[in-house]
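Have a look at the model below, with the sequence beside it.

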Amino acid sequence: MFTMAFAIAATSCTKDPIFGDDPKGGCGTKDPKPASCEAMKVEEPNGKLIDCIANDQIKRAWIDGNNLKIEVAYGGCNEHDFDLRWDGSIMKSNPPQVNLELLDNTGPQMCNAYFQHTICFDISKLKSAGSGSVKIHLNGYMQDLEYKY
């Protein structure tokens, strides 16, 4: 049990809400992109919901400035490639709400290696809601997140 707690703590990033600040000032070594966050993709809805993320793949998610950080866990042969997608729609409410999809672009892999790391996405495009905050519904994650800007 201590080993699992240490593995989770080792994958945390700066301003992690559970484990505190990373003294190195960045993501741990298992983070595939520690220097910057990928841009969120804005795509027109295609009438088909692609939900490649199993409920247990997202361990936790949090907002850090203009970034959405997501701790993911999965099995396979090597690290997976993820995208964060938004269809551009904003639900009218107070605060406004958006649906985001985390997509796993990696096909099935027949290996038993286990990976757990933090991925990061720039969500500053959500500021177009113009209200100062947006409630985020992330597929595969049970809790809503609030992005304040």
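Predicted model: local features only at pLDDT ≥ 70, side-chain atom pairs only at ≥ 80, totals over all residues.

Reader: Thanks! Which strands form the open sheet, and in what order?

Author: Strands here are DSSP runs of E with at least two residues, numbered from the N terminus, as are helices (H or I, at least four residues). Two strands pair if DSSP finds at least two bridges between them. The pairing in this open sheet is mixed, and its five strands come in the order β2-β5-β6-β8-β9.

Reader: Which strands are at the edges?

Author: An edge strand of this sheet pairs on one side only. The two that do so are β2 (41–42) and β9.

Reader: In which sense does β5 pair with β6, and in which sense with β2?

Author: Strands of a sheet pair through backbone hydrogen bonds, either parallel or antiparallel. Five bridges join β5 and β6, and Leu 84 has Leu 102 in β6 as its bridge partner. On the β2 side there are two bridges, and Lys 41 has Arg 85 in β5 as its bridge partner. The sense is antiparallel for β5 with β6 and parallel for β2 with β5.

Reader: Is β5 largely enclosed or open, and which of its residues point which way?

Author: Buried means under 20% relative accessible area, exposed means over 50%, and partly exposed lies in between (1.4 Å probe, protein chains only). Five of the five residues of β5 are buried, so the strand is largely enclosed by the rest of the structure. In a regular strand the side chains alternate between the two faces of the sheet. In β5, Phe 82, Leu 84 and Trp 86 point one way, and the other way point Asp 83 and Arg 85.

Reader: What does Arg 85 form with Glu 101, and how far apart are the closest N and O atoms?

Author: Arg 85 stands opposite Glu 101 in β6, and each is buried at a relative accessible area of 11%. The two form a salt bridge (a side-chain nitrogen of Lys or Arg within 4 Å of a carboxyl oxygen of Asp or Glu). Their closest N and O atoms are apart by 2.3 Å.

Reader: How many salt bridges does the structure hold?

Author: Besides Glu 101 with Arg 85, Glu 71 bridges to Arg 60 with the closest N and O atoms 2.7 Å apart. Glu 71 is buried at 1% relative accessibility, and Arg 60 is buried at 8%. Asp 64 and Lys 69 form another, with 3.1 Å between the closest N and O atoms. The number of salt bridges is three.

Reader: Which side chain makes a polar contact with Ser 133?

Author: Ser 133 belongs to strand β8 and is buried, at 12% relative accessibility. A polar contact is a pair of N or O atoms within 3.5 Å; within protein, one must be able to donate a hydrogen and the other to accept it, and residues adjacent in sequence count only if both atoms are side-chain atoms. At 3.2 Å, the partner of the Ser 133 side chain is Glu 146.

Reader: Finally, why is the pair of Tyr 147 and Tyr 149 called stacked, edge-to-face or tilted?

Author: Rings of Phe, Tyr and Trp (its six-membered ring) pair if their centres lie within 6.5 Å; planes under 30 degrees apart count as stacked, over 60 as edge-to-face and the rest as tilted. By this rule there are three aromatic pairs. The ring centres of Tyr 147 and Tyr 149 are 5.3 Å apart and their planes are at 45°, so the pair is tilted.

Conventions: Residues numbered from 1 in each chain as written. Heavy atoms only, no water.
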